[in-house]
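Subject: Structure for your review

Dear colleague,

Please find below the structure that I am handing over to you. My notes on what was found in it follow.

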Amino acid sequence: MWLFFCVKGFLTETGGSMDVKYINPFVVAIKNVFKTMIDVPFKLGQPMLKQDGTPAFEISCIIGLSGNVSGCVVINLSEPVALQLVSALLGDEVTKIDDDCIDAIGEITNMIAGNAKTEFPGENNAISVPSVVTGKHEVSYPSGIPIIAIPCDTDAGQMVVEIAIKAKE
């Protein structure tokens with residue numbers, strides 16, 4: 001409920017619109033995956049409206065949506081957070097971002113996408129296989145859709161979940 005009121009009020013003030021029923025499945029999925037699959041505690045921060053496609057951190061996991069909705073969800077991670085998540089998934093300390101680590105980050109994102117799909121409203125919606133982008137980059141968000149950024153704190157630092165989803169008219 002907290003996310004609904006916070007996001008709804010914020011978007012109304014800024015003139016944007018995004019239905020919280022498209023946001024909550026991803027927030028719940030992240031909570032579920034972090035708790036059950038990788039056992040990494042985290043805390044949700046205050047949602048905010050993001051103004052551009054410049055990520056805060058050097059790793060972005062991008063999930064596309066199509067069908068009766070369009071948009072994307074981006075999980076943006078710093079290197080320390082990515083290493084923490086992959087180490088927790090594998091049960092062994094990972095100390096560098098290499099191809100295996102990037103594959104594991106993609107797998108964590110895929111678990112989140114699959115979990116969100118089970119709770120995603122409506123029919124005829126598709127959630128893409130996630131892609132992972134590293135290094136200095138920009139994310140191309142669909143135009144005309146507000147981007148909600150939700151910071152999350154872990155023991156290794158912060159990550160940001162960015163959601164830009166709109167129902168097709």
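Helices (H or I, at least four residues) and strands (E, at least two) are DSSP runs, numbered from the N terminus. This is a predicted model, in which local features need pLDDT of at least 70 and side-chain atom pairs count only at pLDDT 80 or more, while totals for chains, interfaces and linings use all residues. Residues are numbered from 1 along each chain as its sequence is written, and side-chain values use heavy atoms, with hydrogens and water left out.

Backbone angles

Most residues other than glycine have a negative phi. Two residues with positive values are set out here. N124 has a positive phi of about 60° although it is not a glycine, and it is found in the loop between α4 (99-119) and β5 (125-127). D39, also a residue other than glycine, has a positive phi near 50° and lies in the loop between α2 (20-37) and β1 (43-44). For accessibility, buried means under 20% relative accessible area, exposed over 50%, and partly exposed in between (1.4 Å probe, protein chains only). N124 counts as exposed because its relative accessibility is 62%, and D39 is exposed with a relative accessible area of 63%.

N76 lies in strand β4 (residues 69-77). Its relative accessibility is 0%, so N76 counts as buried.

Salt bridges

Side chains of opposite charge can pair when their charged atoms come close. A salt bridge is a side-chain nitrogen of Lys or Arg within 4 Å of a carboxyl oxygen of Asp or Glu, and a search of the whole structure finds 2 of them. One joins the side chains of K50 and E162 (2.8 Å, N to O). K50 lies in strand β2 (residues 48-50) and E162 in strand β8 (residues 157-167), so this pair ties together parts that are 112 residues apart in sequence. K50 is buried, with a relative accessible area of 14%, and E162 is buried at 2%. The side chains of K21 and D19 also meet in a salt bridge (3.9 Å, N to O). K21 counts as partly exposed at 41% relative accessibility, and D19 counts as partly exposed at 36%.

The cavity

On a 1 Å grid over the protein atoms alone, a cavity is a set of points where a 1.4 Å probe fits but cannot get out, and lining residues have an atom within 4 Å of a point. Grid points are joined across faces, edges and corners, and a volume is the space filled by probe spheres set on the points. The structure holds 1 cavity of 30 Å³ or more, and the largest cavity has a volume of about 70 Å³. Its lining consists of F34, C61, I75, L77, L85, I105, I108, T109, I112 and M159. Helix α4 gives the most to this lining, with 4 residues, and β4 and α4 each supply at least two.

Yours sincerely

Conventions
1 Å grid on protein atoms, 1.4 Å probe; cavity = no way out; pocket = protein on both sides within 12 Å on 5 of 7 lines; lining within 4 Å.
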